[in-house]
Amino acid sequence: MKLSQFKFKLPEDKIALYPPYKDFDGERIYNRDECRLMVVHKKTGEIEHRIFKDILDYFDEGDTFIFNDTKVFPARLYGNKEKTGARIEVFLLRELNEELRLWDVLVDPARKIRIGNKLYFGEDESMVAEVIDNTTSRGRTLRFLYDGPHSEFKETLYSLGEAPLPDDVRAHRKAEKDDLENFQTIYAKNEGAVTAPTSGLHFSKQLLKRMEIKGIEQAFVTLHCGLGNFRSIDVEDLTKHKTDSEQIVVSEEACKIVNRAKEGGKKICAVGTTTLRATETAVGPGGMLKDFTGWTNKFIFPPYEFQVCNTFLVNFQMPLSTMLMLVAAFGGYDVVMNAYNEALKGDYMFGTYGDAMLIID
């Protein structure tokens with residue numbers, strides 16, 4: 001398939017800037033599970049329009065949801081360059097060495113930063129970092145100059161950061177104090193993501209409890225979401241596109257839950273594109289899930305035969321994105337693009353805080 005097949009016009013007012021909320025006297029009351037839900041039957045192309053908390057109507061006892069329990073950290077912070085005082089945005093990607101306080105980061109504007117430069121963070125400029133390596137045109141390795149315990153260092157570093165909202169949100173508003181909480185699933189556990197597994201943002205504590213009461217199983221895998229999925233694709237031939245690697249962990253416990261459902265002929269629902277890529281990376285003989293710890297750069301686009309999950313929950317994705325390509329691979333290109341046309345004509349919202357689509361047989 002070609003890149004241009006995934007292009008469509010998305011009006012700016014269709015991009016959700018906040019999770020679903022109601023306004024009470026100027027105060028936002030967020031309702032994670034009250035976004036819109038489009039249910040797409042991939043065999044027939046039939047479309048239903050529901051509210052997200054109705055999702056359990058499509059599942060029975062023994063069916064299984066697989067969630068990504070990665071936890072987002074406040075990865076975006078701002079510093080000042082020594083001598084000039086130029087404001088530099090630093091985006092933390094991953095910690096490379098705990099003892100040496102080394103971090104892999106992106107900097108903007110990159111042209112102003114050279115090896116040996118120092119950056120100062122915080123109102124009192126008490127946090128200092130030195131650039132020790134240029135790894136890419138935008139990437140750098142920073143060594144933070146901090147003498148205290150590592151736990152204290154991380155706490156201080158994160159206190160300087162803000163929620164790493166995606167560019168389609170930041171283009172229309174600034175970060176706010178409650179963004180980090182809203183940009184986090186309620187079951188987030190294992191820290192390491194620089195963007196949220198957004199399909200999981202719709203689940204509330206009440207909905208998970210209803211799921212438990214109904215006897216629907218929950219399995220958790222970890223894929224630390226990176227920025228690779230948001231990088232633009234610069235080739236028309238999708239077979240030539242390469243994605244960044246992301247770290248994943250699929251535990252034995254998750255495998256037992258998922259494989260039991262598979263053996264019983266139950267629905268297995270991947271919550272989000274990251275979960276689906278994790279399960280397709282860790283698939284074993286007979287389409288059974290196997291425990292796995294490592295990295296994946298799996299890029300899925302049509303045509304593709306999925307082996308583990310037979311149901312898929314996902315947000316409405318942006319044009320030309322790798323996530324949209326994965327959705328089309330699961331639901332079928334024509335079925336998915338028709339559903340997107342329906343969403344564009346209707347009241348559905350797109351992006352990180354947008355509405356959801358459930359693809360079932």
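A residue counts as buried when its relative accessible area is under 20%. The exercises below apply this cut-off and others to a predicted model.

**Exercise 1. Classify the ring pair of Phe52 and Phe203, and state which parts of the chain the pair ties together.**

Solution. A pair of aromatic rings is described by the distance of the centres and the angle of the planes. A search of the whole structure finds 27 aromatic pairs. For Phe52 and Phe203 the ring centres are 5.2 Å apart and the planes stand at 90°, so the pair is edge-to-face, given that the class requires an angle over 60 degrees. Phe52 belongs to the loop between β4 (47–51) and β5 (64–68), and Phe203 to the loop between β13 (190–193) and α4 (205–213); the pair therefore ties together parts 151 residues apart in sequence. Phe52 has 0% relative accessibility and counts as buried. Phe203, also at 0%, counts as buried. Both residues belong to one aromatic cluster, together with Phe59, Phe65, Phe67, Tyr187 and Phe220.

**Exercise 2. Determine how the rings of Phe121 and Phe144 are arranged, and whether each residue is buried or exposed.**

Solution. The centres of the two rings are 6.0 Å apart, with 40° between the planes, and the pair is tilted. Phe121 lies in strand β10 (residues 118–121) and Phe144 in strand β12 (residues 139–145); the pair thus links distant parts of the chain, 23 residues apart. With a relative accessible area of 1%, Phe121 is buried. Phe144 is at 2% relative accessibility and counts as buried.

**Exercise 3. Describe the side chains of β10 and the pairing of this strand with β7 and β11.**

Solution. Begin with the side chains, which alternate along β10. Next, consider the partners. Strand β7 (residues 76–81) pairs with β10 in the antiparallel sense over three bridges, and Tyr120 in β10 is the bridge partner of Asn80. Strand β11 (residues 127–134) is joined to β10 by four bridges, and the two run antiparallel. Here Lys118 has Glu130 in β11 as its bridge partner. Finally, the hairpin of β10 and β11 has five residues between the strands, and Gly122 takes a positive phi near 90° in it.

**Exercise 4. State in what order the strands close into a barrel.**

Solution. The barrel has six strands, in the order β7-β8-β9-β12-β11-β10, with antiparallel pairing. On average, neighbouring strands of this sheet are turned by 45° against each other, direction ignored. Within the barrel order, β11 and β12 are adjacent; six bridges join these antiparallel strands, and Val131 has Leu142 in β12 as its bridge partner.

**Exercise 5. Identify which residues touch the most other members of the largest nonpolar core.**

Solution. The core holds 64 residues, and Phe312 and Met357 touch the most other members. Helix α7 (residues 322–331) gives the largest share of this core, seven residues. Neighbours within four places in sequence are left aside for Met357; its contacts then include Leu37, Met38, Val40, Phe312 and Tyr340. Another core, of 26 residues, lies apart and has among its members Leu119, Met127, Tyr146 and Leu157.

**Exercise 6. Give the distances at which Lys42 and Arg28 lie over aromatic rings.**

Solution. The charged end of Lys42 sits over the ring of Phe330, 4.2 Å from its centre. Arg28 lies over the face of Tyr21, at 5.4 Å from the ring centre.

Notes. Residues numbered from 1 in each chain as written. Predicted model: local features only at pLDDT ≥ 70, side-chain atom pairs only at ≥ 80, totals over all residues. Heavy atoms only, no water. Phe/Tyr/Trp six-rings, centres within 6.5 Å; stacked < 30°, edge-to-face > 60°. Buried < 20%, exposed > 50% of the residue type's maximum accessible area, 1.4 Å probe, protein only. Lys NZ or Arg CZ within 6 Å of the ring centre and 35° of its normal. Pairing = 2+ DSSP bridges. Axes fitted to C-alpha atoms, helices over the stretch in contact; angles between N-to-C directions. Core = buried A, V, L, I, M, F, W, Y, C linked by side-chain atoms within 4.5 Å. Contact = heavy atoms within 4.5 Å.
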